[in-house]
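Here are my notes on this model, point by point. Please read them with the structure open.

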Amino acid sequence: MGTAEMEEERRMSFQQKDQDHRLGQGDPEEELQSLAWYHDGLTRHAAEALLLSNGSDGSYLLRKSNDKTALFSLSVRAKDSVKHFHVEYTGSSYKFGFNEFASLKELIKHFANQPLIGSETGTLIVLKHPYPRKVEEPSIYESVRVHTAMQTGKTETDLIPNAPSLGTKEGYLTKQGRIVKNWKTRWFTLHRNELKYYKDQTSTEPIRALDLTECSAVQFDYSQDKVNCFCLVFPLRTYYVYAKTGVEADEWIKILQWKLSQIRRQARQRDATLSL
């Protein structure tokens, strides 16, 4: 290597170190904007919905924890749940538990090789897949209350691998009977691609479980002379239900319609794969 090449290499090395120093020591905004997996303004529930529905085990993203500019949350998918870890910017470094890092990239690099302890069950979490902010994010994430579905177990092998979408919802809805067209209030739960209804919230066995992969449409209904009524169309039956409020009905319809869109998207992907 000639003298000129050595000088150029030293100059570029110095510039890189200087950039790393500025990102680690100065205003964190420059580094944050350089991270494709930083989601400014994303809420906790929206982060859970994104990671559970579109991510995979080890997918992660960074978001602001609250109104404080120096506090962030690292949201990580661990099998069929999402864990949230606080990251604090001290003015010169990023504090994560008892550890401190000069930059966020150093933090990620560290935990890509050293697993995090994710919960009281001892679930090990490795940061594998950064979740990019430039993806299509359905608007319903903010309007629908999306829970994190937890699968208990003492070891990682107790958790269901490759769990599908886990956006969930539950609550009371009033349903029309099939033969006698009377209306009865039932407890409904939406989990993965199954909509179940029970006699009440305390019941352990469902009256019926509806497979949403067989559902062709979910929409508001005005044929039953009921306020806040909507229907689910299946090949052999259309189910009519209504909620207490318009907001509740709207939430149920939106999350159910989103489920159907996910099911259809996955079916198209399978068909495209088979046709190759």
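1. First, a term. Buried means under 20% relative accessible area, exposed means over 50%, and partly exposed lies in between (1.4 Å probe, protein chains only). Phe188, at 3% relative accessibility, therefore counts as buried. Tyr197 is buried too, with a relative accessible area of 3%.

2. On the basis of these notes: this is a predicted model, where local features need pLDDT of at least 70, side-chain atom pairs count only at pLDDT 80 or more, and totals for chains, interfaces and linings use all residues. Residues are numbered from 1 along each chain as its sequence is written, and side-chain values use heavy atoms, leaving out hydrogens and water.

3. Aromatic pairs. Rings of Phe, Tyr and Trp (its six-membered ring) pair if their centres lie within 6.5 Å; planes under 30 degrees apart count as stacked, over 60 as edge-to-face and the rest as tilted. The structure holds ten such pairs. The ring centres of Phe96 and Phe111 are 4.9 Å apart and the planes stand at 50°, so this pair is tilted. It links distant parts of the chain: Phe96 is in strand 5 (residues 94-96) and Phe111 in helix 4 (residues 104-113), 15 residues apart. Helices (H or I, at least four residues) and strands (E, at least two) are DSSP runs, numbered from the N terminus. Both Phe96 and Phe111 are buried. The rings of Phe188 and Tyr197 have centres 5.3 Å apart and planes at 35°, so that pair is tilted.

4. An aromatic cluster. Phe85, Phe96, Phe101 and Phe111 form one cluster.

5. The cores. A nonpolar core is a set of buried Ala, Val, Leu, Ile, Met, Phe, Trp, Tyr and Cys residues joined through side-chain atoms within 4.5 Å. The largest has 23 residues, and Leu74 and Phe96 touch the most other members. Strand 2 (59-64), strand 3 (71-78), strand 4 (81-89), strand 5 and helix 4 each supply at least two of its residues. Apart from this core lies another, of 22 residues, among them Leu195, Tyr197, Phe234 and Ile255.

6. Strand 4 and its partners. Seven of the nine residues of strand 4 are buried, so the strand is largely enclosed by the rest of the structure. Two strands pair if DSSP finds at least two bridges between them. Strand 3 and strand 4 run antiparallel, joined by eight bridges. Val76 has Lys83 in strand 4 as its bridge partner. Strand 4 and strand 5 pair in the antiparallel sense over two bridges, and Tyr89 stands opposite Tyr94 in strand 5.
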